[in-house]
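The structure is placed below for reference.

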Amino acid sequence: MPLLKDLRKVSGVHRSESEGEGFTLVLAHHAGGSAASFLPLCEFLPADWRLLALELPGRGAAARTPLPDTVAELVSTLLPALAPQLTGPYALLGHSMGALVGYELARGLEKLDRPPVLLGVSGSPAPHMRREDDRHLNLRTQEDLVGFLRDLGGTPPEVLDEPELLDYLTGLLRMDLTLLKSYPDDSRDVLDVPLCVYYGEDDLTAGRELVSPWSGYSSTDVSIRSWPGGHFYLYDRPAEFAAQWVSDVRASLRLPGSRPTVRQEVSWG
């Protein structure tokens with residue numbers, strides 16, 4: 001499965017097999033990231049959960065696989081690899097670019113009658129709000145990309161000071177941002193899936209005004225939660241974020257089949 005990585009095997013935190021199939025969490029990484037981006041969360045997630053992280057083409061085990069030209073093509077590549085792995089209950093969690101990928105995967109999986117019990121979108125404007133602040137989609141030079149990484153935070157200083165690592169990272173970022181430019185502005189399908197929206201209060205690319213409209217993308221329960229910090233707030237406080245995510249997943253598993261829409265905004269500080 002070159003497009004999927006079992007994070008339990010990578011992290012060394014083994015999964016408990018005591019509950020059989022258990023629960024599967026599918027993770028979709030940010031632009032310029034990889035499956036390994038989610039490693040800081042692993043030790044704080046339930047031991048019986050299977051953790052499958054997408055490894056998008058062009059990096060890691062999928063380095064030799066070319067990245068598709070559009071998000072739609074990317075999802076059509078991911079679905080055949082992912083769907084057979086989802087034999088029990090599962091949730092999707094995507095950060096930044098991964099939030100859009102997760103949303104599109106949820107659309108496709110819902111059409112296959114295999115919807116997630118919960119979709120989590122983090123650090124991303126709602127799909128139709130992306131063009132409201134698209135400065136990051138128009139970065140052209142190496143200097144632009146490096147400045148963008150510095151502004152966002154989350155990149156270790158030693159990477160920014162190492163030319164070869166920086167060239168690799170900005171190459172991935174440029175490739176992913178080119179893919180994001182293909183994303184349509186009119187993607188507004190409403191999912192019949194509970195939705196949790198998370199964002200950092202100081203995020204330069206996904207503030208409250210841009211993320212709140214995600215509430216229109218689910219016909220069921222929607223929660224919006226803000227956290228102190230910037231774009232990579234979840235990696236600054238992995239234990240706290242993981243605890244909240246686990247709580248939200250477990251709440252979604254307890255929801256009855258017919259649900260009213262409940263929207264709430266909670267700040268965590």
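The entries that follow record what I looked up.

Basis. I worked from a predicted model, in which local features need pLDDT of at least 70, side-chain atom pairs count only at pLDDT 80 or more, and totals for chains, interfaces and linings use all residues. Residues are numbered from 1 along each chain as its sequence is written, and side-chain values use heavy atoms, with hydrogens and water left out.

Entry 1, helix α7. I took helices as DSSP runs of H or I with at least four residues, and strands as E runs of at least two, numbered from the N terminus. Helix α7 covers residues 163-180, and its 18 residues should span 26 Å at 1.5 Å a residue; I found the end C-alpha atoms 25 Å apart, which agrees. The expected span is 1.5 Å times one less than the number of residues.

I listed the buried residues of α7, among them Leu166, Leu169, Asp176 and Leu180. Buried means under 20% relative accessible area, exposed over 50%, and partly exposed in between (1.4 Å probe, protein chains only). These buried residues pack against α3, α4, α5 and α6.

I located proline 115 in the loop between α4 and β5. At 32% relative accessibility, proline 115 counts as partly exposed. Proline 115 touches Tyr90, Leu109, Glu110 and Val193, leaving aside residues up to four places away in sequence; contact means heavy atoms within 4.5 Å.
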